[in-house]
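Subject: Structure handover and findings

Hello,

My notes on it follow below.

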Amino acid sequence: MLKKIIGGSISPYKDKQGNLNSTAVSALKKLTLGGIDQWITVRGNNEELPILLFLHGGPGSSQTGVQQKYNTVLEKHYLVVNWDQRGSGKSYSPNIPTESMNINQLLQDAYELVLYLLKRFKKNKVFLMGHSTGAALGLLFAQKYPHLLYAYVGINQPIHREKEEKRSYNFTIQMAQNKNNQKAINQLNNIGFPESGVYRKMDHMVVQRKWLTKFNGVTFKKNAFLININCILSSHLNIKEKLTFMKGFGFSATHLWNELTSLNFFTLVPKIKVPIFFITGKHDRIVFTDLIEEYFHFIKAEEKHLIIFKESGHLACFEEPYKFNQLMINQVLPIYSIRKENKDIK
């Protein structure tokens, strides 16, 4: 327990009996991506497994700890890579040039990371999955670099950020009125409606998310705090990084929010050349299932799947982890064998 609190490392890979697995991968590594130091963790049963790169949400909220808590079983089937993006978690530094905090730079960082992983583990492609803001980045990456991917998995996929932010605010104040919660009504009226989907201050967005969480628009049945606290408690973060975690979140959100809010995937990504899986929580009020469904029917793709988790909100892969993990193992993973066999035949 003390070692986990001190942090700065990840545990070795062990089987159910607690024995070390000599063929397994369990690594915490610093890389230079886009000219700055950034960190990844890599865990899996052996090096022969296909790579699964996870893009965290936020922006600025490294999810290594929570992903490893709820989705650890995936490490038996994939080499799971968690990346603390520039400005996030272990990759946060106040010295990061603010002008580098933009979507194009994040995409370039991701590209450099994928090339490193392919070379390091002698692979041809990776599986890519992203959650929330990470799913926005992931869909743009899948469009730009389809030749590097077996498939793309978008969890709680943003579609039209301006529209989603406006709907999220309207939902929150409507719930406050329905519950006659005067404190919530006053605070939401004080911050005002997000013009073009953007709040005047980041603190205003924090207020809206606070009440949205209370009104079950972030998680449905599970406690959002008890899920998200695992992000900060992650053993890969040392004590200093745990203490500065929220600074990284604020730094990233401040410099990325306006650009992220301008995204509209109906115009940005009308078609895609890789198999796609959209996984969404029915009760999500940050992004919305009906908008994801509309986009799912709109986008042209060689193979596409939409799965709605009925007991989830915005943290679908952590709220219903068993269902999510089984989907990744039984529906997504077989693409690897199919593509590999087709290549061998050719």
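Start with helix α5: R161 and E164 both lie in it, three residues apart, about one turn of the helix. Their side chains meet in a salt bridge, at 2.7 Å from N to O. A salt bridge here is a side-chain nitrogen of Lys or Arg within 4 Å of a carboxyl oxygen of Asp or Glu. The structure holds 11 of them. Helices (H or I, at least four residues) and strands (E, at least two) are DSSP runs, numbered from the N terminus.

Some ground rules. This is a predicted model, where local features need pLDDT of at least 70 and side-chain atom pairs count only at pLDDT 80 or more, while totals for chains, interfaces and linings use all residues. Residues are numbered from 1 along each chain as its sequence is written, and side-chain values use heavy atoms, with hydrogens and water left out.

The helix pairs

α5 (residues 161-178) packs on α6 (residues 182-191) at about 150 degrees, with the axes 9 Å apart. That makes α5 roughly antiparallel to α6. The label applies over 145 degrees; under 35 is roughly parallel, 65 to 115 roughly perpendicular, and the rest oblique. Axes are lines fitted to C-alpha atoms, for helices over the stretch in contact, and angles run from 0 to 180 degrees between N-to-C directions. From α5, the contact uses Y169, T172, I173, A176 and Q177; from α6, A184, I185, L188, N189 and I191. Contact means heavy atoms within 4.5 Å. By class, this contact has seven nonpolar, three polar and no charged residues. Nonpolar covers Ala, Val, Leu, Ile, Met, Phe, Trp, Tyr, Cys and Pro; charged covers Asp, Glu, Lys and Arg; the others, Gly among them, are polar.

α6 also meets α7 (residues 202-214): their axes come within 10 Å and cross at roughly 150 degrees. These two are therefore roughly antiparallel as well. K183, A184, Q187, L188 and I191 of α6 face H204, V207, Q208, K210 and W211 of α7.

Eight strands form an open sheet in the order β1-β2-β4-β3-β5-β6-β8-β10, with mixed pairing. Two strands pair if DSSP finds at least two bridges between them. β1 (25-33) and β10 (304-309) each have a single partner strand, so one side of each is left without a neighbour in the sheet. On average, neighbouring strands are turned by 20 degrees against each other, direction ignored.

β1 pairs with β2 (residues 36-44) in the antiparallel sense over nine bridges. T32 stands opposite D37. The two strands form a hairpin with two residues between them, and G34 in the turn has a positive phi of about 60 degrees. Further in, β3 (residues 51-55) and β5 (residues 126-131) run parallel, joined by four bridges. L52 sits opposite F127 there.

Two helices pack on the sheet. α14 (residues 321-332) touches β3, β5, β6, β8 and β10, and makes about 160 degrees with β10. α4 (residues 133-144) lies across β3, β4, β5 and β6, at about 150 degrees to β6.

Backbone points to check

Most residues other than glycine have a negative phi, and most peptide bonds are trans. The bond from G58 to P59 is cis, with omega near 0 degrees. P59 lies in the loop between β3 and α2. N156, in the loop between β6 and α5, has a positive phi near 50 degrees.

Best wishes
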